[in-house]
Amino acid sequence: MDFRMKRRLFLQLATASASSIVLSRCTTTAPRTTIGQSPSILQSENGVLDATLIAEQRQVPLAGRSAALMTYNGQNPGPVLSVNPGDTVRIHLENRLTQPTNLHYHGLHISPEGNQDNPFVHVAPGESFDYEFVIPSDHPAGLFWYHPHHHGHVAEQVAAGLAGVFVVRGGADNLPELHDAEEAIAVLQDFDVDDQGNLVPPHPMWRMWGREGTLL
């Protein structure tokens, strides 16, 4: 290793260390507040989940104040969707926002075509769309999530609160030791909200680090 390589390596390490320190300070000094809302749970019955999700902007309680967020069914986060492998899922999406939207089922092993997990679906303001798909019978159990995926609006709508949990049951759920255990699902979101409850656009550097705001 010659002097130039040593110098280049030193600068890389020094830059990485400095970035880590700055990030550490930002993440440890930012206020942390638990929202504390418990979203409703929509559970499949007799092999079918029939659900309606209404996307709209609402004033919702947020860390002891009222905030104007984008919500599903007036909740932040949205309702928990809970299914079993082999279930049929039917979701009626109503768009009451002022911009187009759609749904994406993040992590699910389903088709991106038609009215299943199609990111090209365009649900205009005031319109609705019916999704329908089958959870494969061999689908792994796990914790997944749903959120909008309309091109040009994804970041804005997710940062404004549009997200919810999608649970596929099975696996550890069937263990006798866990059958009667109390379950808690944590959804982590962060916002910047002014004194009037309006969302504040995040600082570009915060977005680079994966954060949207100071309120967790």
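Leaving aside its neighbours within four places in sequence, which residues is leucine 103 in contact with? I'll start there. This is a predicted model, so please hear everything that follows with that in mind. The contacts of leucine 103 are Leu53, Tyr72, Ile91, Leu93, Asp117, Asn118, Tyr131, Tyr146, His147 and Pro148.

As a general remark, nonpolar side chains in soluble globular proteins tend to be buried together.

Now the aromatic residues. How many aromatic pairs are there? The count is five. Take tyrosine 105 and tyrosine 131: the ring centres are 5.8 Å apart and the planes stand at 85°, which is over the 60 degree limit, so this pair is edge-to-face. The two tyrosines come from distant parts of the chain, with tyrosine 105 in strand S6, residues 104-106, and tyrosine 131 in strand S7, residues 128-134, 26 residues apart. Tyrosine 105 is buried, at a relative accessible area of 0%. Tyrosine 131 is buried as well, at 1% relative accessibility.

Tyrosine 105 has another partner, phenylalanine 133. Here the centres are 4.8 Å apart and the planes are at 55°, so the pair is tilted. This pair also links distant parts of the chain, from tyrosine 105 in S6 to phenylalanine 133 in S7, 28 residues apart. Phenylalanine 133 is buried, with 2% relative accessibility. Taken together, Tyr105, Phe129, Tyr131, Phe133 and Phe166 make up one aromatic cluster.

Next, the strands. S2, residues 48-62, and S3 run antiparallel and are joined by eight bridges. Within that pairing, valine 60 is opposite alanine 67 of S3. The two strands form a hairpin with two residues between them, and in the turn alanine 63 has a positive phi of about 55°. Is S3 mostly covered or mostly uncovered? Strand S3, residues 65-72, is mostly covered, with six of its eight residues buried.

Last, the open sheet. It has five strands in the order S1-S4-S9-S8-S6, and the pairing is mixed. Its edge strands, S1 at 41-43 and S6, each pair on one side only. On average, neighbouring strands of this sheet are turned by 25° against each other, direction ignored. Inside the sheet, S4 and S9 run parallel and are joined by three bridges. In this pairing valine 83 stands opposite valine 168 of S9.

Conventions
Residues numbered from 1 in each chain as written. Predicted model: local features only at pLDDT ≥ 70, side-chain atom pairs only at ≥ 80, totals over all residues. Heavy atoms only, no water. Phe/Tyr/Trp six-rings, centres within 6.5 Å; stacked < 30°, edge-to-face > 60°. Helix = DSSP H or I, 4+ residues; strand = E, 2+ residues; numbered from the N terminus. Buried < 20%, exposed > 50% of the residue type's maximum accessible area, 1.4 Å probe, protein only. Pairing = 2+ DSSP bridges. Contact = heavy atoms within 4.5 Å. Axes fitted to C-alpha atoms, helices over the stretch in contact; angles between N-to-C directions.
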